[in-house]
Amino acid sequence: MKTLIFRYWDRTRSSLWFIPTLMAIVAVLLAFFSVALDRTVTNWLRHAWDWTFTGGAEGASAVLGVIAGSMITIAGVVFSMTLVALSLVTSQLGPRLLRNFLRDTTTQVVLGTFVATFLYCLLVLLTIRREEEVVFVPNVSVALGVFLAVASVGVLIYFIHHVSVSMQANEIVARVSRELIAATCRLFPEHIGEGAPEASRAPPDAEFLDAFERQSRSIPANADGYLQFIDTEALLALAVQQDVVIRLERVPGHYVVADCPLLRVWPGERVADLPVARANAAFALGNQRSSGQDIEFAVTQLVEIALRALSTGVNDPFTAITCIDHLASALSRLATREKPSPYRHDSQGRLRVIALAATFPEVTDVAFNQIRQQARCNAAVTIRLLETIAVVARFAHRPEDRAALLRHAEMIVRGARKGLLEAEDLRVAEDRYRTAMQLCSATGDVPPCPSGQTEPRHL
């Protein structure tokens with residue numbers, strides 16, 4: 001059930017129709033309510049306050065008709081502006097950013113405002129009667145329609161400003177960065193030193209893990225697609241019911257091929273009694289990756305923007321540096337988070353599910369590898385990469401995290417020695433490298449350069 005809810009909710013959030021549809025429904029209800037209110041208060045307003053629409057039925061019809069026609073025209077203009085912005089941004093910064101723009105609440109609200117105003121005016125227009133013996137002009141409803149039209153003009157002005165701002169590269173990168181940081185806080189909620197009591201449980205011994213490898217049997221996937229969400233609670237309940245141990249063979253973000261192993265079950269002889277359809281129902285597959293449980297997805301979005309900025313066709317190192325800066329923010333937070341245990345136990349403390357999660361070294365590889373390979377001849381980006389490693393190293397406490405940062409610093413400086421032609425650029429890069437090495441070192445001493453040199457080598 002959770003996977004089904006996640007699949008439909010993720011599709012709904014990534015669509016342009018959801019919020020406008022809700023606003024259109026509210027507009028229909030508001031039209032019926034305001035007309036019903038008019039039927040009871042119109043005569044009272046005319047006699048008590050002498051307040052009525054001076055244009056009569058014909059004037060009210062003309063006003064509502066003009067508003068309705070204008071709103072549907074502006075809605076088309078807004079939709080066209082949105083498509084132009086999407087095409088420009090995706091062509092320069094990457095097609096995977098289309099999902100972020102479709103999920104933009106401001107665009108959905110603006111489009112819904114114009115559609116809702118159009119529907120409201122259209123429905124109120126149908127209630128106006130012009131017969132001489134029976135004349136009904138919904139004064140309150142007409143006044144409310146005029147107010148909605150004025151508000152829509154303000155919304156249009158704000159939308160033009162919003163589109164011009166949201167198309168800027170720095171704003172796009174910042175939006176993706178916020179999504180990455182939110183995913184980090186959601187998937188790694190515990191800070192170092194504040195782990196949950198389950199973290200103190202000892203992992204299974206090597207003998208059991210060896211027996212698991214030899215005696216377990218796999219359950220294949222029944223469909224193709226990117227793994228977006230895993231309902232671990234459903235798998236835990238299934239493992240308890242069948243008295244087995246389940247190990248996931250895929251993590252969110254991986255592409256799953258039908259009939260390939262999706263999970264393994266121990267003891268293997270109980271696979272025949274395991275409901276395969278129920279096991280597959282705990283996995284949500286889709287045509288694209290999602291940030292629900294996949295922290296690497298937002299990282300790859302920032303990396304893609306940086307790679308396109310470093311391409312010869314764009315040649316925008318400033319955008320690449322901005323992406324690296326935001327990667328530093330996310331990696332610094334990730335370094336301070338407790339790594340969740342891959343072992344899930346039942347209420348009796350028995351191991352039931354083995355679910356691997358993304359680690360800091362793996363996320364660091366995704367963040368740095370392709371940018372490092374593309375930027376080996378770019379002094380500014382290379383230097384910023386080394387500075388970023390130094391910043392993240394201040395937050396890294398685990399030895400394996402520091403080792404991952406050291407490894408990337410060494411690869412970056414090796415690439416700089418081959419790619420940077422200016423001696424002064426290389427000197428600055430190696431100076432930043434030594435600073436990063438000092439911060440990553442457990443002792444705090446400045447280690448020698450990876451090539452064994454004590455001084456920077458000039459070309």
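The count of aromatic pairs comes to 4, where rings of Phe, Tyr and Trp (its six-membered ring) pair if their centres lie within 6.5 Å, with planes under 30 degrees apart counted as stacked, over 60 as edge-to-face and the rest as tilted. One of them joins Phe 208 and Trp 266, an edge-to-face pair at 5.1 Å centre to centre with 80° between the planes. This pair links distant parts of the chain, 58 residues apart, since Phe 208 lies in helix H8 (residues 206-215) and Trp 266 in strand S5 (residues 261-266); helices (H or I, at least four residues) and strands (E, at least two) are DSSP runs, numbered from the N terminus. The model is predicted: local features need pLDDT of at least 70 and side-chain atom pairs count only at pLDDT 80 or more, whereas totals for chains, interfaces and linings use all residues. Residues are numbered from 1 along each chain as its sequence is written, and side-chain values use heavy atoms, with hydrogens and water left out.

Phe 208 is buried, with a relative accessible area of 17%, while Trp 266 is partly exposed at 22% (buried means under 20% relative accessible area, exposed over 50%, partly exposed in between, with a 1.4 Å probe and protein chains only). The rings of Tyr 226 and Tyr 255 have centres 5.0 Å apart and planes at 75°, so this pair is also edge-to-face. Tyr 226 belongs to strand S2 (residues 225-230) and Tyr 255 to strand S4 (residues 255-256), so the pair ties together parts 29 residues apart in sequence. Phe 208, Phe 212 and Trp 266 form one aromatic cluster.
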